[in-house]
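Open your viewer and keep the selection tool at hand.

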Amino acid sequence: MAVLADRIANLGTENAFEVGKDIARLEAQGRRIIKFNLGQPDFPSAPHLNAECIRQIEAGNIGYVDPAGILGLRKAIAEHMRKTRGVEVDPDCVVVTAGAKPPIGLTVLSYVNRGDEVVYPSPGFPIYESWIQFLGAVPVPLRLREERDFAFTPEELGDLITPKTKLVILNSPSNPTGGVLSKKDLEGIARVIREKGSPELRVYSDEIYEQILFDGEEHRSLVSEEGMQERTVVASGHSKGFGMTGWRLGWAVLPTVVEAKVFARFNVNTISCVPPFIQEAGREAYESPETAKYVARNLAAFQERRDRIVPALNEIPGIKCRLPKGTFYVFPNVEGYCRDLGILDVYAALPGAERATTSPSTLLQNFLLYVHGIATLGRRSFCRLGSEGEHYLRLSIANSMEELEAGVKAMADAAGDREGFRAFMEEAPHRK
Ligand code: PLP
């Protein structure tokens, strides 16, 4: 009998956190690492929200509260949905969660049976594939194509929907690609779901980057399209746009009160509730006029960095990088860069079993980290199925301009360093 349950073998992870262990190891050896790995704004949370949280604690608001979330925050989220998506939401359809990650698992747990099909983006946030495989559902990756700015056509989605499709996961603006679904894309997606989806099909629309859109674009959601509110779970939160990653505050808007009660029951079974002082600060984030100024300042910084970093990456031989439309990630194609380093040949010559556990961009990720002190994430970190033959790195630009420029310079210096890569593979410090 094994100690761990069989299902644990299917539980995935998020490499943005996993690579932190390698970074800590290298830093303990005195190495300086430029961190492009973690998706968290490098700004402190907004002073007016910090003050509200502290005020609440000092006022003694520190006990258990409604597992669904405090009514004040749920009302503020409903109002936010009305203002930004044009939909009327019953606050009883809102559930407050500890970040925008929990509702991913809650959605797969609540709607999907073993053997049901789940369509999700690839490249995409790795937690989607983790939950799908953990619960024995059938993963159906929806390929996001670079040529289409990492969007997809409604026809491509339509081809994947069968009578067994229980859930379709969307993420716009998208991690890791920075792609954004246009109004036309959303109309097409809604049409395909209305025409081909079974009445029980649900859509999970992950909108955690809703505040981070460049060039004056406004956020759009599938929930605003005809017939979609009654089958779409919208999830978002405070981590990215409001720079509050460690506060652990997120939310989901469910199609019905019955479904919201299921999510709240999961809260009862796990965290009981999100801390009330965190929720009060989260309410303030939607209600205070100060928040828009804070969000705009961060957005301007992200856009300035994007506009500096993407052209600099494109000057490196073998790298092609599209201009992301949103998020704080850039997702360069590094196929030529891998080829120039000899990585594609080394990968092709690996024994089959080893090849199955890695990829050229994973080898590049390790080489850049261990030899050149740059922490990035390879394509395989963003949903494995559908990643074969694709060569990308994700770089988070939530980092100072100096760090970004130093990192890109280090990547330029590493270009074509075949001897360095050969020696790295021989020494394999990442395996020690
Ligand atoms: N969804 C996507 C697409 C993300 O990129 C992230 C964070 O990286 C999350 C959800 C999780 O957000 P949170 O930190 O609020 O749990």
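How do α4 and α5 lie relative to each other, roughly parallel or roughly antiparallel? Select residues 102-111 for α4 and residues 126-134 for α5. Their packing angle is about 30°, and the axes are 10 Å apart. The two helices are therefore roughly parallel; that label covers angles under 35 degrees, while over 145 counts as roughly antiparallel. Axes are lines fitted to C-alpha atoms over the stretch in contact, with angles from 0 to 180 degrees between N-to-C directions.

This is a predicted model: local features need pLDDT of at least 70, side-chain atom pairs count only at pLDDT 80 or more, and totals for chains, interfaces and linings use all residues. Residues are numbered from 1 along each chain as its sequence is written, and side-chain values use heavy atoms, without hydrogens or water.

Now show the side chains. On α4, pick Ile104, Gly105, Val108 and Leu109; they meet Ile127, Tyr128, Trp131 and Ile132 of α5. Contact here means heavy atoms within 4.5 Å. Seven of these contact residues are nonpolar, one is polar and none is charged. Gly counts as polar in this scheme.

Next, select the whole chain. It holds 16 helices and twelve strands, taken as DSSP runs (helices H or I, at least four residues; strands E, at least two). The C-alpha atoms fill a box of roughly 60 × 55 × 50 Å along the principal axes.

Finally, colour by accessibility. Buried residues (under 20% relative accessible area, 1.4 Å probe, protein chains only) make up 57% of the 432 residues.

Note on methods. Angles under 35 degrees count as roughly parallel, over 145 as roughly antiparallel, 65 to 115 as roughly perpendicular and the rest as oblique. Buried means under 20% relative accessible area, exposed over 50%, partly exposed in between (1.4 Å probe, protein chains only).
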